[in-house]
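Have the model open in your viewer and follow along.

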Amino acid sequence: MKIKICGITNLEDALDAIEAGADALGFVFYEKSPRYIDQFEAKRIVEQLPPFIQTIGLFVNENSTFINQVCTNAKMQLAQIIDDDHYTDFASLNYKYIEVVRAQNEKDIISNQDEYVLVDAFVEGFGGAGKRVALEWFKHIDCSKIILAGGLNESNLHELKGYNFYGVDVSSGVEASKGKKDKQKMINFVKAVNEI
């Protein structure tokens, strides 16, 4: 199962996440988030990362021009896009992308199961709220293209056994405080994923 650690704000956390075993690092380009990072600060971090680690930019209700520009400036390889308000023209993106489904019910997941998607719990704000998606919504669904996010931590990952999710995405579940990761929590998280 692939592991993305999101909300990276500094080089130390990025390197600790990689050492723990993360496959991908997420950088939040949504200014209202406590995990927001400036695109050029993100670039400084990315330029110091080892090879084979994917860099992912998180965007909320942004137009394609902005997403393309930030991905270029910050050296992102993939855009993770919440587009609730339909601002993004996906056809004009220059980067690979994955859409975020903020699930309010099982139907939201069923209608998106043929594409690679990231499924998060619907909350009024955006991201990092630690709210979980109801696992029973996935019982009759092929989860092999689904990345699960929302409320995951080392102590509840065992509940995902048997679902065959493509990956998991964690932010607040491995933090010491908002925007600052806890190295041991990241190590424990990755270990728990590998035991599923």
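Let's begin at K75, which sits just after helix 3 and takes a positive phi of about 60 degrees. Helices here are DSSP runs of H or I with at least four residues, strands are E runs with at least two, and both are numbered from the N terminus. A word on provenance: this is a predicted model, where local features need pLDDT of at least 70 and side-chain atom pairs count only at pLDDT 80 or more, while totals for chains, interfaces and linings use all residues. Residues are numbered from 1 along each chain as its sequence is written, and side-chain values use heavy atoms, with hydrogens and water left out.

Now go back to the other end of that helix. At the start of helix 3, a side-chain oxygen of N63 comes within 3.1 Å of the backbone nitrogen of T65; that's a polar contact, meaning N or O atoms within 3.5 Å, where within protein one must be able to donate a hydrogen and the other to accept it, and residues adjacent in sequence count only if both atoms are side-chain atoms. Helix 3 spans residues 64–74, and its buried residues are S64, I67, N68, V70, C71, N73 and A74. Buried means under 20% relative accessible area, with exposed over 50% and partly exposed in between, using a 1.4 Å probe and protein chains only. Those buried residues pack against helix 2 (39–46), strand 3 and strand 4, with contact meaning heavy atoms within 4.5 Å.

That brings us to the sheet. Strand 3 (residues 54–60) and strand 4 (residues 78–82) pair in the parallel sense over 5 bridges, and V60 stands opposite I82 in strand 4. Pairing requires DSSP to find at least two bridges between the strands. Zoom out and you get a closed barrel of 8 strands, running 1-2-3-4-5-6-7-8 with parallel pairing. Neighbouring strands of this sheet are turned by 25 degrees against each other on average, direction ignored; the axes are lines fitted to C-alpha atoms, for helices over the stretch in contact, and angles run from 0 to 180 degrees between N-to-C directions.

I98 counts as buried because its relative accessibility is 8%. Leaving out residues up to four places away in sequence, I98 touches L78, A79, Q80, I81, Y116, V117, L118 and I147.

What about the nonpolar interior? A nonpolar core is a set of buried Ala, Val, Leu, Ile, Met, Phe, Trp, Tyr and Cys residues joined through side-chain atoms within 4.5 Å. The largest one has 53 residues, of which L25, F27 and F138 touch the most other members. Helix 5 (residues 183–194) gives this core its largest share, 5 residues. A second, separate core of 14 residues includes C6, V28, I56 and I82.

Finally, the rings: there are 6 aromatic pairs. Phe, Tyr and Trp rings (the six-membered one for Trp) pair if their centres lie within 6.5 Å, and planes under 30 degrees apart count as stacked, over 60 as edge-to-face and the rest as tilted. F138 and F165 have ring centres 5.0 Å apart and planes at 80 degrees, so they are edge-to-face. F138 lies in the loop between strand 6 (117–121) and strand 7 (146–149), and F165 in the loop between strand 7 and strand 8 (167–170), so the pair ties together parts 27 residues apart in sequence. Y163 and F165, with centres 5.7 Å apart and planes at 25 degrees, are stacked, and both are buried.
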